[in-house]
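Trainee: May we go through the helix packing and the ligand surroundings of this model?

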Amino acid sequence: MTEEKVVVVGAGVMGHGIAQVAAVAGYRTTLVDVDQAALDRGELAIRASMAKGVERQKLSAEQAEAALDRLSTARDLAAVAQDADFVIEAVPEDMALKRRIFAVLDDAAPAGAVLGTNTSSLSITEMAAATSRPGQVIGMHFFNPPPIVTLLEIVRAVRTSDETLARTRAMAERMGREVIVVGDSPGFATSRLGLCLGLEAIRMLEQGVGSAEDIDRAMELGYRHPMGPLRLTDLVGLDTRLKIAEHLHRELGEQFRPPVLLRQMVRAGHLGKKSGRGFYEW
Ligand code: NAD
């Protein structure tokens, strides 16, 4: 197996899981974050998740050890991007920040690198325009947690080349992903549908239609969703969902207006699982 190198930017809820999947798939993988504490937390979470994988016989102890050997962490993106074959950006859902990351990558990454973004909703075409190589920019939307949820929503931006799409598909296959390919429109297929349900569930809670548990059980038992929309919002992070809702509200209209309760919870620091409290206690 060739030792291609993957750089994952952002070690938060998604970035560390994406790095784990890349390392297990045999890529030399570097996880980058500006925050050392996030890198430390990410590394611990990867070790814990791999240990669980070994316990459940999803991978052998040798495979886990080899994957950990292929994984490193860093703070300096420009330095580690120098020899990257693939970069997957997973910093917060903020266009200005993402464009800055893409500008750094444009300066630092080798001419042939594929530049991917894990954005949930923002325009990939707009990020690509921050580079001099928009043909190599593509959406790689992973799901939470990446080691377990195998969907990869590949988003083809206006100028994404056929070659970039083909290389991304090959990478997805090596990472054991099941792929859908969609065009670059706000929220793509997944977040657009997922947010409809998630925001309506919050409005129902606000209006006293039922408890969080009962609203979630409605979807889990009645519609066979593996997890109800409020628990899922806790896993995603209420701050992240709010940013996505604000963007979709601007782009697609009233049905995505963020509920007041969501704003209040984010202001109170109740961000879901990552802060210990959201619609549930964690
Ligand atoms: P998060 O807030 O948990 O993590 C983001 C990380 O990026 C933080 O550790 C932060 O320190 C780091 N960061 C900030 N600025 C940086 C910079 N300049 N350079 C390097 N690192 C930087 O966010 P998340 O939930 O992992 O979301 C990341 C992206 O993935 C967003 O675009 C989000 O929409 C998308 N996404 C999230 C989920 C989810 O379930 N949370 C699912 C799919 C996609």
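Mentor: H2 passes H3 in a right-handed crossing, meaning that the near helix is turned clockwise from the far one by less than a right angle. This is a predicted model, in which local features need pLDDT of at least 70, side-chain atom pairs count only at pLDDT 80 or more, and totals for chains, interfaces and linings use all residues. Residues are numbered from 1 along each chain as its sequence is written, and side-chain values use heavy atoms, without hydrogens and water.

Trainee: Is H2 roughly parallel or roughly antiparallel to H3?

Mentor: Helix H2 (residues 36-55) and helix H3 (residues 61-70) pack at about 160 degrees, their axes 9 Å apart. Angles over 145 degrees count as roughly antiparallel, so H2 relative to H3 is roughly antiparallel.

Trainee: Which residues in H9 does H8 meet?

Mentor: Helix H8 (residues 190-206) packs with helix H9 (residues 212-222) at an angle of about 140 degrees, with axes 10 Å apart. Contact means heavy atoms within 4.5 Å. From H8, Leu197, Ala201, Met204 and Leu205 take part, and they meet, in H9, Ala212, Ile215 and Met219.

Trainee: How far is an oxygen atom of the ligand from an N or O atom in the side chain of Ser120?

Mentor: A polar contact is a pair of N or O atoms within 3.5 Å. For a polar side-chain atom of Asn118 and a ligand oxygen atom, the distance is 2.9 Å. For the side chain of Ser120, an N or O atom lies from a ligand oxygen atom at 2.7 Å.

Key
Axes fitted to C-alpha atoms, helices over the stretch in contact; angles between N-to-C directions. Helix = DSSP H or I, 4+ residues; strand = E, 2+ residues; numbered from the N terminus. Parallel < 35°, antiparallel > 145°, perpendicular 65-115°, else oblique. Polar contact = N/O pair within 3.5 Å; in protein donor to acceptor, adjacent residues only side chain to side chain.
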